[in-house]
Amino acid sequence: QVQLVESGGGLVQAGDSLRLSCLASGRTFSTYRMGWFRQAPGKEREFVGSIAWKSGDLNYADTVKGRFTISRDNAKNTVYLQMNSLKVEDTAVYYCAARTSPVISTYTYWGQGTQVTVSS
C-alpha cells in the first residue's frame, strides 16, 4: 500500500503561481511513476503530467506544457507540481497518484485531492 497526501492548493488570481506537494508513505519503493491529475466541476478527470520515481523521466499534457513543472525529492518521498501562469481554466481539484507497474498503466493509489481555484 502507498498512501498519498496532497497539499498546497488555494485561491489565486490568473497569472499567479502555486506549488502543490504530494507526500508518499508506505511501500514507496514499489512506486514506478507518480502522476498528477485534475478534475474540474462537471468534467472528467484529466491527466496533467507524471514523473518516473527513479529516473525522473517526465511527461505533460499539452494543456499545461510550458507552464507546469513536476519534480521529486526522493529523500522526502515527495513529488511537486509547480504551476505558473495559472489560468481560470486550471481551476480543479488536483490529485496525485502512484503507479507501481512499468507495464500496466493504471494508477493504483490516489490522494484525497487539493482544490486549486484561479480567479480572473
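**Burial and strand order in an all-strand chain**

Buried residues account for 45% of the 120 residues in the chain. The model is predicted. The chain exposes about 6200 Å². Carbon and sulfur atoms supply 49% of that area.

The overall dimensions were examined next. The C-alpha trace spans about 40 × 30 × 25 Å along its principal axes. The radius of gyration is 13 Å. A compact globule with 120 residues would have a value near 14 Å, so the chain agrees with that expectation. Contacts between residues at least 6 apart in sequence were also considered; 54% of them join residues at least 24 apart.

The chain has 11 strands and 0 helices. From the N terminus on, its elements therefore run β-β-β-β-β-β-β-β-β-β-β. An open sheet is built from 4 strands in the order E1-E3-E8-E7, and the pairing is antiparallel. Strands E1 (2-7) and E7 (68-73) stand at the edges of this sheet. Each has a single partner strand, so one side of each is left without a neighbour in the sheet. Neighbouring strands of the sheet are turned by 20 degrees against each other on average, direction ignored.

The pairing of E1 can be described in detail. Strand E1 is joined to strand E3 (residues 18-26) by 6 bridges, and the two run antiparallel. Within this pair, Leu 4 stands opposite Ala 24 in E3.

Leu 4 also belongs to the largest nonpolar core, which holds 29 residues. Leu 4, Trp 36, Leu 81, Met 83 and Tyr 94 touch the most other members. Two or more residues of this core come from each of E1, E3, E4, E5 (46-52), E7, E8 (78-83), E9 (92-99) and E11 (114-119). In soluble globular proteins, nonpolar side chains tend to be buried together.

Neighbours within four places in sequence were left aside. On that basis, Met 83 is in contact with Asp 16, Ser 17, Leu 18, Leu 20, Arg 67, Phe 68, Tyr 94 and Val 116. One of these partners, Tyr 94, is itself among the core residues that touch the most other members.

Thr 28 lies in the loop between E3 and strand E4 (33-39). Its relative accessibility is 11%, under the 20% limit, so Thr 28 counts as buried. Leaving aside neighbours within four places in sequence, Thr 28 is in contact with Val 2, Trp 53 and Asn 77.

Methods. Residues are numbered from 1 along each chain as its sequence is written. This is a predicted model: local features need pLDDT of at least 70, side-chain atom pairs count only at pLDDT 80 or more; totals for chains, interfaces and linings use all residues. Side-chain values use heavy atoms; hydrogens and water are left out. Two strands pair if DSSP finds at least two bridges between them. Axes are lines fitted to C-alpha atoms, for helices over the stretch in contact, and angles run from 0 to 180 degrees between N-to-C directions. Buried means under 20% relative accessible area, exposed over 50%, partly exposed in between (1.4 Å probe, protein chains only). Contact means heavy atoms within 4.5 Å. The radius of gyration is taken over C-alpha atoms; the globule rule is 2.2 Å times the number of residues to the power 0.38. Accessible areas come from the Shrake-Rupley method with a 1.4 Å probe; for residues, only the protein chains shown count as cover. A nonpolar core is a set of buried Ala, Val, Leu, Ile, Met, Phe, Trp, Tyr and Cys residues joined through side-chain atoms within 4.5 Å.
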